[in-house]
Amino acid sequence: MKLTGVELRRVKMPLVAPFRTSFGTSTDRDLLLLRAVTPDAEGWGECVAMADPLYSSEYVEAAIDVLTRFLVPALGAAPRLDANAVGPALAPYKGHRMAKAALEMAVLDAELRAAGRSLGRELGAVRDRVPCGVSVGIMDSIGELLDAVAGYVADGYVRIKLKIEPGWDVEPVRAVRERFGDALLLQVDANTAYTLADARHLSRLDPFDLLLIEQPLDEEDLLGHAALAKLIRTPVCLDESITSARSAAAAITLGACEIVNVKPGRVGGYLEARRIHDVCVAHGVPVWCGGMLETGIGRAANVALAALPGFTLPGDTSASGRYFRTDVTAPFVLDDGHLAVPAGPGLGVEPLPDVLAGITTETTWIRI
């Protein structure tokens with residue numbers, strides 16, 4: 001393929017309800033979509049960076065800048081263009097994995113559309129649908145939390161994840177477990193809100209038979225996670241700490257995690273996400289697909305990834321209606337707790353033109 005140009009499209013989508021984590025509260029999703037244009041096909045990508053550098057060091061304005069000034073021109077100058085060439089072409093530029101992942105995704109979509117192959121088939125999917133969990137934000141009261149969880153259970157979600165932080169951890173978990181029973185698949189996510197000094201407190205979660213505790217400590221504290229794993233019974237899962245297949249292998253070797261959350265945007269793209277999956281499978285470590293409040297574009301790709309054999313735990317691949325009243329693509333709708341893996345060429349979905357126009361706040365065309 002030859003890259004003709006890339007369109008950067010900033011969009012803003014209101015959330016159906018505020019979503020609170022240990023690092024802040026979101027009321028809308030301000031994100032970046034990419035459209036890669038080639039003579040053979042067009043492809044879409046989604047940059048999962050947030051408006052502010054709170055979850056990670058990346059944020060939307062920085063992604064736009066690095067894509068415009070460095071990444072897209074570097075890819076346009078590459079002698080060969082396919083998805084496997086994106087990583088090497090962008091390697092001289094340090095970091096910016098979310099921006100790189102979006103560009104790889106758009107090229108991969110275009111390449112597969114031109115060839116008539118689906119992303120699921122390309123990645124190695126073994127299922128045509130995947131079980132779905134849901135992430136439940138921090139609430140103002142336990143009563144509000146229980147009502148929210150009851151709604152998601154009624155919707156058919158097969159696993160509940162509770163966001164936690166100091167002061168909102170043991171009692172909310174206790175309340176949910178007591179209300180919904182031991183059969184409910186339940187896990188918690190701290191988004192780096194604790195330190196190793198909190199180990200004794202975190203051990204109070206052990207009696208609730210959680211699937212895992214996700215990223216309790218700072219993302220750079222692998223040794224702290226390894227020490228924590230010896231002090232609590234709840235399995236430790238890493239999210240922010242996993243940025244590549246190499247970092248996943250290191251974390252596993254150190255004993256810093258028993259489970260890995262794979263987020264393609266965080267690790268630089270779907271090809272690296274597949275490599276992380278392969279490393280974890282080789283070590284007998286289960287993986288699951290995390291979410292970053294994606295639109296239907298990113299959700300389609302995540303569902304395809306979650307259909308790989310090593311994804312043995314339900315991911316945060318929620319239905320479109322969990323976050324958005326109107327998605328940018330045809331909505332993903334839960335069916336008996338599962339979402340179907342798109343079978344069409346590329347991502348298998350496309351933006352709805354009228355919806356896309358209505359949520360767009362800024363566009364930039366980068367000609368090669």
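**Exercise 1. Glu272 and its partner**

Task: In this predicted model, is Glu272 buried or exposed, and which residue forms a salt bridge with Glu272?

Solution: 
- Step 1. Start with the accessible area: Glu272 has a relative value of 15%. Buried means under 20%, so Glu272 counts as buried.
- Step 2. Now look for the partner. Arg275 makes a salt bridge with Glu272, and their closest N and O atoms are 2.7 Å apart.
- Step 3. Check where the two sit. Both belong to helix α11 (residues 270-282), and because they are three residues apart, about one helical turn separates them.

**Exercise 2. A bridge across the chain**

Task: Find the salt bridge of Asp316 and say which parts of the chain the pair links.

Solution: 
- Step 1. The side chain of Asp316 meets that of Arg159, with 2.4 Å from N to O.
- Step 2. Asp316 is in the loop between α12 (296-306) and β12 (338-340), while Arg159 is in strand β6 (residues 159-163). Look at accessibility. Asp316 is buried at 6% relative accessible area, and Arg159 is buried too, at 0%.

**Exercise 3. How α1 meets α2**

Task: What is the angle between helix α1 and helix α2, and which residues make the contact?

Solution: 
- Step 1. Helix α1 (residues 60-76) packs against helix α2 (residues 83-90) at about 125°, and the axes are 9 Å apart.
- Step 2. That angle makes α1 oblique to α2.
- Step 3. The crossing of α1 and α2 is right-handed.
- Step 4. On the α1 side, Leu71, Ala74 and Leu75 make the contact; on the α2 side, Val86, Ala89 and Leu90 do.
- Step 5. Sort these residues by class: six are nonpolar, with no polar and no charged residues.

**Exercise 4. How α2 meets α3**

Task: Are α2 and α3 roughly parallel or roughly antiparallel to each other?

Solution: 
- Step 1. The axes of α2 and helix α3 (residues 97-115) cross at roughly 155° and come within 8 Å.
- Step 2. Angles over 145 degrees count as roughly antiparallel, and α2 and α3 are therefore roughly antiparallel to each other.
- Step 3. The crossing of α2 and α3 is right-handed.
- Step 4. Ala83, Val86 and Leu90 of α2 make the contact with Lys100, Leu103, Glu104, Val107, Leu108 and Glu111 of α3.
- Step 5. By class, the contact of α2 with α3 has six nonpolar, no polar and three charged residues.

**Exercise 5. The covered side of α8**

Task: Which residues of helix α8 are buried, and what covers them?

Solution: 
- Step 1. In helix α8 (residues 222-231), the buried residues are Leu222, Gly224, His225, Ala226 and Leu228.
- Step 2. Their cover includes α7 (199-202), β9 (236-238) and α9 (245-254).

Conventions: Residues numbered from 1 in each chain as written. Predicted model: local features only at pLDDT ≥ 70, side-chain atom pairs only at ≥ 80, totals over all residues. Heavy atoms only, no water. Salt bridge = Lys/Arg side-chain N within 4 Å of Asp/Glu carboxyl O. Helix = DSSP H or I, 4+ residues; strand = E, 2+ residues; numbered from the N terminus. Buried < 20%, exposed > 50% of the residue type's maximum accessible area, 1.4 Å probe, protein only. Contact = heavy atoms within 4.5 Å. Axes fitted to C-alpha atoms, helices over the stretch in contact; angles between N-to-C directions. Parallel < 35°, antiparallel > 145°, perpendicular 65-115°, else oblique. Left-handed = near helix turned anticlockwise from the far one by under 90°. Nonpolar A, V, L, I, M, F, W, Y, C, P; charged D, E, K, R; others polar.
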